[in-house]
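Here is a walk through one protein model, written for someone who would rather look at side chains than at tables. Keep the viewer open as you read.

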Amino acid sequence: MKLLKSLCVLTLAVFMFPTQGHSQESSTTFYVSPWIATAFFGGDVGEQQSIPGFSVEKASINNAPGFGLFAGVRVANRLMIEGVFGYLPSTMLLPTSSADLNIQQGYDLNLLIYGGNVGYAFTSSKTAVVPYLSGGAGAISFSPEDAAKAFPTSPETTSEFMFNFGGGLEIPISEVVWMRLDLRDYIVSTTGDFSLFPSEDSSSLNTIVFAGGLSFRSR
């Protein structure tokens with residue numbers, strides 16, 4: 001809740017903060033930024049299960065590569081309003097154990113990220129490195145397809161509300177081509193339905209994505 005309040009304050013600050021130069025205030029630029037990334041997952045999903053002589057731990061998610069796209073508009077070279085889409089193919093690890101055996105079974109897990117962000121660039125320069133902060137909300141869809149085949153109680157796909165915050169740098173290459181580096185934390189609370197053994201419990205999952213790519217701007 002505190003983080004959501006912080007995002008609201010950031011949004012208000014973006015609209016209220018004065019920009020430099022009358023000519024810049026009237027400029028609007030559209031852009032698309034394809035990216036590749038490395039994703040790190042903190043937290044776990046599902047719930048721990050115990051049956052006579054056998055134990056199933058909470059599942060964890062392997063770090064994974066990914067790719068995606070930012071697309072949006074910049075107003076006065078300061079305000080950033082954009083949509084985000086990302087695809088992260090990973091593996092869900094499910095540890096199981098008994099008195100004589102410990103097994104960690106892996107299942108393919110595809111994650112889709114989609115949502116919208118509002119950000120603020122700390123300089124309107126078109127020739128220098130531009131740092132920025134942004135935050136937003138959307139959803140993450142989990143598709144543990146092969147796990148669903150192995151465990152009839154596991155859903156094939158489930159989507160959960162996501163909010164995110166982060167920032168990065170834009171580095172000019174030319175007037176219309178920039179390099180963009182972005183570090184962002186996508187935070188989601190997975191419901192018990194995501195578990196291979198559904199329950200009423202929920203788990204918190206942080207998906208930290210370090211992305212890099214090129215940003216193509218209109219003039």
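## A strand on the inside

Let's begin with S8: 10 of its 14 residues are buried, so this strand is largely enclosed by the rest of the structure. "Buried" here is under 20% relative accessible area, "exposed" is over 50%, and "partly exposed" is in between, with a 1.4 Å probe and protein chains only. Helices (H or I, at least four residues) and strands (E, at least two) are DSSP runs, numbered from the N terminus. S8 runs antiparallel to strand S9 (residues 158-172), and 13 bridges join the two. Strands count as paired if DSSP finds at least two bridges between them. To find your place in this pairing, look at alanine 139, whose bridge partner in S9 is phenylalanine 161.

A word on the ground rules: this is a predicted model, so local features need pLDDT of at least 70 and side-chain atom pairs count only at pLDDT 80 or more, while totals for chains, interfaces and linings use all residues. Residues are numbered from 1 along each chain as its sequence is written, and side-chain values use heavy atoms, with hydrogens and water left out.

## The nonpolar cores

What sits in the largest nonpolar core? It has 24 residues, and the members that touch the most others are Phe41, Leu88, Leu111, Ile140, Phe142, Tyr186 and Val209. Strands S1 (28-43), S5 (64-75), S6 (79-98), S7 (102-121), S8 (130-143), S10 (177-190) and S11 (203-217) each give two or more residues to this core. A nonpolar core is a set of buried Ala, Val, Leu, Ile, Met, Phe, Trp, Tyr and Cys residues joined through side-chain atoms within 4.5 Å. There is also a second, separate core of six residues, including Tyr31, Val130, Tyr132 and Trp178.

Leaving out residues up to four places away in sequence, tyrosine 186 touches Phe70, Val84, Ile113, Ile140, Met162, Phe163, Asn164, Leu205, Asn206, Thr207 and Val209. Contact means heavy atoms within 4.5 Å.

## A buried charge network

Which residues are linked in a network of salt bridges? They are Glu82, Arg180, Asp182 and Arg184. A salt bridge is a side-chain nitrogen of Lys or Arg within 4 Å of a carboxyl oxygen of Asp or Glu, and the count by this rule comes to five. In arginine 180's bridge with glutamate 82, the closest N and O atoms are 3.1 Å apart. Arginine 180 lies in strand S10 and glutamate 82 in strand S6, so the pair ties together parts that are 98 residues apart in sequence.

Arginine 180 also meets aspartate 182 in a salt bridge, at 3.7 Å from N to O. Aspartate 182 bridges to arginine 184 too, with 2.7 Å between the closest N and O atoms. As for burial, arginine 180 and glutamate 82 are both buried, and so are arginine 184 and aspartate 182.

## A nonpolar patch on the surface

Now move to the outside. Val32, Leu69, Ile173, Met179, Leu214 and Phe216 form a nonpolar surface patch with about 480 Å² of accessible area together. Patches are made of residues with over 30% relative accessible area and no salt bridge; like charges are joined within 9 Å, and nonpolar side chains (Val, Leu, Ile, Met, Phe, Trp, Tyr) within 5 Å. Accessible areas come from the Shrake-Rupley method with a 1.4 Å probe, and for residues only the protein chains shown count as cover.

Methionine 179 is found in strand S10 and counts as partly exposed, at 34% relative accessibility. Phenylalanine 216, in strand S11, is partly exposed as well, at 38%. Not counting residues up to four places away in sequence, phenylalanine 216 touches Phe30, Tyr31, Val32, Pro34, Val176 and Val177.

## Around strand S5

Phenylalanine 67 is in strand S5 and is partly exposed, with a relative accessible area of 46%. Beyond residues up to four places away in sequence, phenylalanine 67 touches Trp35, Ile36, Phe85, Gly86 and Tyr87.

The loop between S5 and S6 holds alanine 76 and asparagine 77. Most residues other than glycine have a negative phi. Alanine 76 has a positive phi of about 60°, and asparagine 77 also has a positive phi of about 60°. Alanine 76 is buried at 6% relative accessible area, and asparagine 77 is buried at 4%.
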